[in-house]
Amino acid sequence: MAMAVRYTPLKCRSMVLNGVKKNDYNNIVHIVFNFTDKDFAVIAGTSVRTLSRLKPDQNIPSQAAEVTISLMRAHEKATEIFGSEESAVKWLKTPNSALGDITPVQALSSRFGAEEVMDILGRIEYGVYS
């Protein structure tokens with residue numbers, strides 16, 4: 001049975017408009033991916049200080065929110081495809097030749113990169129490797 005998709009484009013747009021709480025950011029960035037604020041700030045185009053000073057119920061900056069949402073979406077799809085969170089995180093943190101030898105997480109720093117990552121995951125899902 002297929003996993004229910006929670007991070008549809010409609011849901012993601014709504015999340016960007018409403019903001020992403022620091023608590024939700026912590027759950028994906030720190031707990032799932034084991035990134036520090038410094039690691040993620042570089043990818044998200046924000047400052048470490050901005051991320052670290054926020055309270056759990058405050059929204060993170062909009063650029064960081066978009067990258068966080070892209071990460072959540074890619075993580076959900078990769079987990080569905082690879083069958084485990086561990087395999088999904090490993091794939092997302094491993095350089096990929098289809099992305100010019102950067103990691104999918106690094107590619108998620110822009111909308112175009114996020115689109116590329118989701119496209120690659122779709123090709124893997126349907127057995128079309130490139």
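Visitor: Is the crossing in which α1 passes α5 left-handed or right-handed?
Guide: Helices are DSSP runs of H or I with at least four residues, while strands are runs of E with at least two, both numbered from the N terminus. A crossing is left-handed if the near helix is turned anticlockwise from the far one by less than a right angle, and right-handed if clockwise. By that rule, the crossing of α1 past α5 is right-handed.

Visitor: What kind of model is this?
Guide: Residues are numbered from 1 along each chain as its sequence is written, and side-chain values use heavy atoms, leaving out hydrogens and water. Local features need pLDDT of at least 70, side-chain atom pairs count only at pLDDT 80 or more, and totals for chains, interfaces and linings use all residues, this being a predicted model.

Visitor: Is α1 roughly parallel or roughly antiparallel to α5?
Guide: The axes (lines fitted to C-alpha atoms over the stretch in contact, with angles from 0 to 180 degrees between N-to-C directions) of α1, residues 9-18, and α5, residues 62-82, come within 10 Å and cross at roughly 155°. Therefore α1 and α5 are roughly antiparallel, a word for angles over 145 degrees, where under 35 is roughly parallel, 65 to 115 roughly perpendicular and the rest oblique.

Visitor: Does Gln63 count as buried, partly exposed or exposed?
Guide: Gln63 lies in helix α5, and its relative accessibility is 36%. Buried means under 20% relative accessible area and exposed over 50%, with partly exposed in between (1.4 Å probe, protein chains only), so Gln63 is partly exposed.
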